[in-house]
Amino acid sequence: MQHCDPETLALTALGDGSVVASAQDRAHLDGCVECRHELRALSEVVRTGRDGSVAGELVEPPARVWQGIVDQLGIDGALAAGTRFVPAQRRWARRTALVAAAAAVVGLAMGCGLTWLVTRASPSEQVVAQAQLDPLDAPAANGTAVVSSTSNQRQITVRVSGLTEPPGTFYEVWLLDRKAGRLVSLGVLGVGETGTFVLPKSLDLQEYPVVDVSLQVLNGDPKHSGRSVVRGTLRT
């Protein structure tokens with residue numbers, strides 16, 4: 001799956017009016033938990049730099065990280081030091097430096113792939129497992145499955161491309177054990193749609209780690225049809 005371009009996410013977080021997300025990017029953000037995490041985390045960094053507000057406890061980065069930002073931006077040494085301890089009359093200078101530093105942090109986060117920043121900045125929704133869905137009975141199909149967790153529930157977001165829907169059929173999402181002997185139905189997945197399904201609290205993903213999408217016939221039979229179009233194993 002092609003994720004949103006890192007530069008587009010960074011500039012969107014900064015509120016750069018010159019960057020307008022394409023319809024494809026907007027559709028991807030609607031269905032991709034990972035990209036929404038990244039955008040939310042980067043937006044939080046920028047918001048903190050602009051107004052000084054903090055959603056949670058700030059953890060000071062190592063001195064080498066701050067020095068790298070200062071060197072990259074060419075910030076005056078005295079001003080850089082003043083971003084931490086400044087008198088009231090220098091708040092404007094402090095905020096200017098923080099906004100610039102936030103922009104640099106955005107670039108560093110995207111360029112270095114700091115997944116920990118995304119997870120830490122978005123404690124309410126964390127990605128806990130992912131799977132690549134490979135084609136079985138549909139050679140042109142492929143997709144992804146992402147399990148995310150909040151304080152009160154887990155959910156799985158499934159996205160599959162390259163499907164068609166023959167008359168009198170539909171697609172259903174399942175979780176299977178590793179031997180495909182036991183299975184749990186999660187719900188219907190529409191063609192060209194992203195499906196998000198709440199997972200039962202008692203369901204152990206170690207016992208049911210395989211994500212399967214089947215082509216079902218509209219005949220009233222609730223059992224798996226035996227025609228799996230894509231399948232993949234969740235990995236933490």
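## Salt bridges

In this predicted model, the side chains of D212 and R231 meet in a salt bridge at 2.8 Å, N to O, the term being used for a side-chain nitrogen of Lys or Arg within 4 Å of a carboxyl oxygen of Asp or Glu. Because D212 lies in strand β7 and R231 in strand β8, the pair ties together parts that are 19 residues apart in sequence. D212 is buried, with a relative accessible area of 0%, whereas R231 counts as partly exposed at 30%; here buried means under 20% relative accessible area, exposed over 50% and partly exposed in between, with a 1.4 Å probe and protein chains only.

The search of the whole structure finds five salt bridges. One of them joins the side chains of R182 and D177 (3.4 Å, N to O), where R182 is partly exposed at 40% and D177 is buried at 11%; these two residues and E207 are linked in a network of salt bridges. Another is formed by D221 and K223 (3.1 Å, N to O), with D221 partly exposed at 33% and K223 exposed at 55%.

Leaving aside neighbours within four places in sequence, V160 is in contact with L133, A141, N142, G143, L189, V213 and V230, contact meaning heavy atoms within 4.5 Å.

## The chain as a whole

The protein chain has seven helices and eight strands, taken as DSSP runs numbered from the N terminus, with helices being H or I of at least four residues and strands E of at least two. Of its 236 residues, 38% count as buried, and residues 24 or more positions apart account for 62% of the contacts with a separation of 6 or more.

## Basis of the values

Residues are numbered from 1 along each chain as its sequence is written, and side-chain values use heavy atoms, leaving out hydrogens and water. As the model is predicted, local features need pLDDT of at least 70 and side-chain atom pairs count only at pLDDT 80 or more, while totals for chains, interfaces and linings use all residues.
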